[in-house]
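Welcome! Let us take a short walk through this protein, heading by heading.

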Amino acid sequence: MKPRTLRALGPVILIVAAVVAIVIGLAYGQGAAPLDLGDPGPVARWGLPIAKMFVNLSLAAALGALVMALFSFKPGDRAYDVLLDTASFAAGLLTVSAGTAAFFNFVLVFNPQVSLGPDFGQQLGRYLTDNPLGTAWLLTTIGAAALTVLTFAWRSWLATLFAAVLTVAVAMPMVTQGHAGDLANHNLAVSSLGMHVIGAGVWVGGLLAIVIVRPHVKNITTVLLRYSSLALAAFVVVALSGAVRAFTGLGDWQYLFSPYGVLVIAKVVALLALGVFGAMYRTKLIAKTDSAKTAAPFWGLVALELAVMGIASGVAAALARTPSPVALLSTGVSRTPAERLTNAPLPPELTIDRWFSEWNIDILWLSFAVGGIVLYLMGVYRLHRRGDHWPIYRTVLWILGMLLLIWVTSGPINAYQAYLFSVHMMGHMLLAMAIPLCLVFGSAITLLLRAVDKRRDGTRGVREWVMWAIHSPYSKVITHPIVAAAIFVGSLWLFYYTDLFRWALYDHLGHIWMVAHFLISGYLFVLTLVGIDPIPFRFPYAGRLITLVAVAAMHAFFGMAIMMNEGLMAAEWYGSMGRTWGNTPMADQYVGGGIAWSIGEIPTLITGIVIAIQWSRSDERLQRSRDRHADRTGDAELEEYNAKLAYMAERDAARGK
């Protein structure tokens, strides 16, 4: 198949296959069946899932085009501009389809009398601004419109990176308000759905981007190899998140052959077929794409893969409208106060054994931690294979930090942090202080820079983007020791004494933000004190100790303030759980303040000891250098050399070495 022919047919194949699949899926799963009360008619019932399907496809096309532009091409290339044009067109389609979905959703929920009069407009306006679902669609539509303008008007590296981040942000409102919201295990469903949408977007959109940009690329093999690595990671994310999503929707194996279960099976079959295609690409076909004669089977398989991707997208959209067995079973069941607040039943009393046996999996952070371990070990293996040394203690500390992250985000702390303030505070202290200490000693950035090869064609891979991030003006600001310390301490006070704390309790997206923010802020603060990874500036050792002591004092004062607080923080949450075991909410809050004061200082003490050891070793290395030179020089030369060493030490300290 000729490049320009496939470029025209590729999107058509994807869309036609998706439309056929969603029509069959809705008919089979009764996702567009008439409503018992207030049925708005077939246009709204069929129009909403079809509009959502176009939302998913256009989001994928925009995200895939931007990711491929960032990792495979450079500004000024014709292919780069074509991909930005593709992203802009896809974002425009996303704007229209999101607005259409918002309208159909309003009609389905409220069944208003559609007209051009002011009453209908006022109803629609209240839905978009006062109703959480309407607001989510409004934010998606506005974000997509902004993305359309951004990708059309600006074509630099930074603008494209910002556009890719904005695309992910545009997907978040519909993820948090999507079909996962009706499930009992809401947090797990939201995390898995978010991973599924982003992973599928990179995978499907990336392949579509290659088809569109192919006529403008000379070395298509290199581009395909880069996409293949992204597609492999996306396949793992989609498969894992899809399995979790299916589990939360089915609830039990006995519902596997229900209409919902059959659609799940159809998605699994499509996913397995796509996995087989990907294996064929990597092992046999990509290497043959340089020649027009041998490349024909590859591009024919690409067309088939687009059709299967379209089928999977259509089935997924139909599945979103098909009532899940779990949702049907939970209809009409009375809920306890804890279930109303957390969408989960109150766990049993927290005893010593449950600190080791109770689990509440967060698939997002579990995947992040496991992926971090795997990629780190791959980097270590690559160094050892070429004969380079990597200290074993760094590997052990990195793995320990990631395992501790799993324990905090998927273990007993995650199982009880919504019910006990003290457990929440313990998790916070581990996220902000203990885990970053292990990760900083792991020196993952240094490992990456040594293990990943540098690109020579002017494009940016992972190594180049990391180097850009290290030397960017933004990095120079947030990694400055004073700024990093201010963010670390200031965000602690800001979080607990504003509505950010409530956002993290009520909204799973807020909880994800909380974990990410305090993990990153803690990492940056520790990095400025004891890390070896490159940053623009570090204080001399004396300055590091002074900074650490000042932060420790403010941190202790924060813990004391929590203990002395006479009112219950987030009283409508922790005071309304209906918990009959453990301390009272006020007594538990007092314990939480003590944890922030006492346990939180242990990593601070360890950090101080490490700074003192590093300082001592630095002085010892300086003295050994002087002694070696004294054996070879006279007193006059030694005095001159000592002055030179003192100047170099001051210069290195100013540069953060």
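## A patch on the surface

Val12 sits in helix H1, residues 3–29; helices here are DSSP runs of H or I with at least four residues, numbered from the N terminus. This is a predicted model, where local features need pLDDT of at least 70 and side-chain atom pairs count only at pLDDT 80 or more, while totals for chains, interfaces and linings use all residues. Residues are numbered from 1 along each chain as its sequence is written, and side-chain values use heavy atoms, leaving out hydrogens and water.

With 43% relative accessibility, Val12 counts as partly exposed (buried is under 20% relative accessible area, exposed over 50%, partly exposed in between, with a 1.4 Å probe and protein chains only).

## Salt bridges

How many salt bridges are there by the rule used here? The count is seven, a salt bridge being a side-chain nitrogen of Lys or Arg within 4 Å of a carboxyl oxygen of Asp or Glu.

One of them joins Asp457 to Arg226, with the closest N and O atoms 2.8 Å apart. Asp457 lies in the loop between H18 and helix H19 (462–471) and Arg226 in helix H8 (residues 220–250), so this pair ties together parts 231 residues apart in sequence. Arg226 is buried at 15% relative accessibility, whereas Asp457 is partly exposed at 35%.

Arg502 and Asp499 also meet in a salt bridge, at 3.6 Å from N to O. Here Asp499 is exposed, with a relative accessible area of 55%, and Arg502 is partly exposed at 31% relative accessibility. Finally, Asp81, Asp85 and Arg155 are linked in a network of salt bridges.

Notes: Helix = DSSP H or I, 4+ residues; strand = E, 2+ residues; numbered from the N terminus.
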